[in-house]
Amino acid sequence: MVDLDYLKKSPWEKFVFGLKGFFKGIPAGLKGFFVGIWLKICGLGKSIANAGKEVYDAAKNGDWKTRMSFAVMGFGQLARGQILRGLLYLIFEIVFILYLALFGWKYLVKLGSLGEVAMVEVENEITGVVEYQYFDNSLLILLYSIISIFFIIAFVYVWYYNVKGNKASQDIVETFGKLPTAKDDIKAYADSQYHKTLLAMPMLGVLVFTIFPIIFMIFIAFTNYDSLHTPPSQLFTWVGGENFVTLFGLSGKYGSKFFVTFGDLLLWTIIWAFFATFSNYILGMIVAIMINSKKVKLKKLWRTILVMTIAVPQFISLLLMSQMLSENGVINNLLLEWGWISQAIPFFTDGTLAKVMVIVVNIWIGIPFTMLIVTGILMNIPEDLYESARIDGAGPVRAYFKITLPYMLHVTTPYLISQFVGNLNNFNVIFLLTAGAPLTSDYQYAGKTDLLITWLYKLTFTNNEYGLAAVISILMFVITAVISLIVYRRSNSVKNEEDFM
Amino acid sequence: MNKSAKQKHYRSKKVAERTTSVVLYVILTVISVIWLFPFFYLVLQSLRGGESGIVRYFWPKEFTFNNYIRLFTDEQIPFGKWYLNTLLISIAVTVVQTIVVVATSYALSRLRFKLRKGIMQLFLILGMFPGFMSMTAIYFILKLIGLSGNLFGLFLVYVGSSAMGYYICKGFFDTIPLALDEAAKIDGATRHQVFIKIILPLSKPIIIYTILTAFMAPWGEYMFSSLIMLGSNGTDSYNVAMGLRLLLQTEYISDYFTVFCAGAVFVSIPITILFFVLQRYYVEGITGGSVKG
């Protein structure tokens, strides 16, 4: 389609066109996702090959000190007088060997089976009481094995770094004759190596609390860890892709019900994220425009009133709202008292109404955020744009659709994307408002307003379906990644197409 | 406004303008009522005497401070403990998280090194996994090392991945002209000195924003705390979010609803005051961070 045709379309047609483009983008997005993963793997392969070359070069052209450090890490540094560096390498090697030999090894060998015997009942011969003796704990085996694998990878990396560093210092000695001292090394961490100083702790935190747990859960997705296989009294073991098969309803204990639940909740999660994001965005913008209008005085007062919902901790607002809108809550009572209704409105007990209500309450919570963000940007729109629109005879509504909205969309696309992704995983609003209610027998362990994330919560902590929950988490990642990729690409193309002003 | 089309033509411009402003004021008043009503109701209920469950009438028949006193005297609910727990965690989280976020943002914004792009991509990808996924694993791990049901465990979980919230702060650092750094470097300053002596003093707004959001988050957080506290005995190490939600469960609500309201007011007041005092920085932070690509 030519750009000119697009511009001639009505806003509704443009919207439909955009929507079509989104769905057309799905295959490309999926492709982009897997191609991205593939490219990353290729990149990794390349750098490993490069590292191999460097090691080979060090072995071929290195002197005896460098070659010695292949076996004894830090040897070259120690021999060349870089005591601190050398000692750190050496200590690392010793710790690694001790860890693996004394501790890591005995778990690593059981990784294949995840344990043979969990628990033995022993009758105490003297008292006659049955006692339990615990042996293999699948969870511990998996956990320590993954730690060991991490450690081994880290060791290989440090070892490579050690060899490379040795070769480098050998070259420096040959050309300059002098190496940096320990003092120089430490000083460098405040200057040329400053990023390492700053990022060491933060990255360690991310490694331990995000990367490691995610990898752990990816492993769990291939086990049968559930309520019937709970360590320490029971073992769980590898089951391959069985959880994926169960999820898609092909077999397993839940039959097709599980897949129906997954599909419906996925659809509702996307609908919810769409409406929650755009209702807040558009209504918040309208409120901001009203307050910004020249005709309105006491701007600060209106803003302060709205901002109350941000200042008060969100869980309080949400719990309060869920109480007020309940069957015998204050809203129903007041409406009954005034005679506006003859029986209580089932705000959170009727499936469809509950879905509408969570979006409405979310508007109540979300408008102030949009208002704050939008207010600053609104003031940046050049006044003469509106002036010329007025001269051309455009009313405020037209000016909104022709000037305000396109400008705002152009500037706030990244915000919208992050809001959308955040809403896909919006636990608080749903869980504290309805906790997924009303429950239905059509779904496995889920209610009508449950999002995938609150369903995960229930699957994990109420029903102990750890393996299945991990599978769903992985799928949610794929879905989020693909959606973000498509939206990101499209917003980029839109930006290039009609760069605003 | 439906019959206005014809009349408008005859009216003077001034009248039309007055009508719009009246309409605007009416709409804004309605909005304000909707927005304030829940909080008004909350305060009203927290001061209600008599029966302490949910009642059918709206306006309290008698007013009392009894609910606030019950918060701290009732043996069933260690509200003082919950409050202290939350305060303690909030302060600890604020200190650590602010340092981590500012350090990460500075490194990613103003230093140039090989893995910079890679780290940002990694954070982006990690952010697409449901946060709940890593939580489950952390729960297992904390349980194995005996830290579940423990405040320290909760603290670790809150601060563990705080580096990933670098985005807004980095956006701020990006706007400071690089010429400043260059000038300082020519004068012989190290990167560390540039950070401490030049950039940090310029970054007061974003640091206050980071502190404010870090401090406020633990007060309203429910998902992570409820997981970590799954293994706790009793309710002593709960935070306020968990404690107050407990009061709304069926076994408590009939006797504790007004106490819940009092607790909610008691939690909200300091946070609300803090927020309004520092609101300027908050607005600067979110508006700055949301528009950059």
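Reply: In this predicted model, start with helix 13 (residues 240–247) of chain B and helix 14 (residues 250–277) of chain B: their axes cross at roughly 150° and come within 7 Å. Angles over 145 degrees count as roughly antiparallel, so helix 13 of chain B is roughly antiparallel to helix 14 of chain B. From helix 13 of chain B, the contact takes Val240(B), Leu244(B), Leu246(B) and Leu247(B).

Helix 14 of chain B has another partner to look at. Helix 3 (residues 66–73) of chain B packs against helix 14 of chain B at an angle of about 90°, with the axes 8 Å apart, so these two helices are roughly perpendicular to each other. On the helix 3 side you'll find Asn67(B), Tyr68(B), Arg70(B), Leu71(B) and Phe72(B); they meet a set in helix 14 of chain B including Asp255(B), Thr258(B), Ala262(B) and Phe266(B).

Now step out to where chain B meets chain A. That contact takes 90 residues from chain A and 90 residues from chain B. About 8200 Å² is buried between them, and carbon and sulfur atoms give 81% of that. On the chain A side, Phe209(A), Phe315(A) and Phe461(A) lose the most area to chain B, together 8% of what that side buries.

What about polar links across the two chains? There are nine residue pairs in polar contact, both residues at pLDDT 80 or more, and the salt-bridge count is one. In that bridge, the side chains of Arg191(B) and Asp191(A) meet at 3.1 Å, N to O. Helix 8 (residues 194–220) of chain A gives the largest share of the side that touches chain B, 17 residues. By type, that side of chain A divides into 66 nonpolar, 19 polar and five charged residues.

Over all chains, the whole structure has twelve salt bridges. One to look up is Lys167(A) with Asp57(A), whose closest N and O atoms are 3.8 Å apart. This pair links distant parts of the chain, helix 6 (residues 138–175) and helix 2 (residues 11–61) of chain A, 110 residues apart.

Technical notes:
Residues are numbered from 1 along each chain as its sequence is written. Chains are lettered from A and ligands numbered from 1 in the order in which they are written. This is a predicted model: local features need pLDDT of at least 70, side-chain atom pairs count only at pLDDT 80 or more; totals for chains, interfaces and linings use all residues. Side-chain values use heavy atoms; hydrogens and water are left out. Contact means heavy atoms within 4.5 Å. Buried area is the accessible area (1.4 Å probe) that two parts lose on being put together, summed over both. A salt bridge is a side-chain nitrogen of Lys or Arg within 4 Å of a carboxyl oxygen of Asp or Glu. A polar contact is a pair of N or O atoms within 3.5 Å; within protein, one must be able to donate a hydrogen and the other to accept it, and residues adjacent in sequence count only if both atoms are side-chain atoms. Helices (H or I, at least four residues) and strands (E, at least two) are DSSP runs, numbered from the N terminus. Ala, Val, Leu, Ile, Met, Phe, Trp, Tyr, Cys and Pro count as nonpolar, Asp, Glu, Lys and Arg as charged, and the others, Gly among them, as polar. Axes are lines fitted to C-alpha atoms, for helices over the stretch in contact, and angles run from 0 to 180 degrees between N-to-C directions. Angles under 35 degrees count as roughly parallel, over 145 as roughly antiparallel, 65 to 115 as roughly perpendicular and the rest as oblique.
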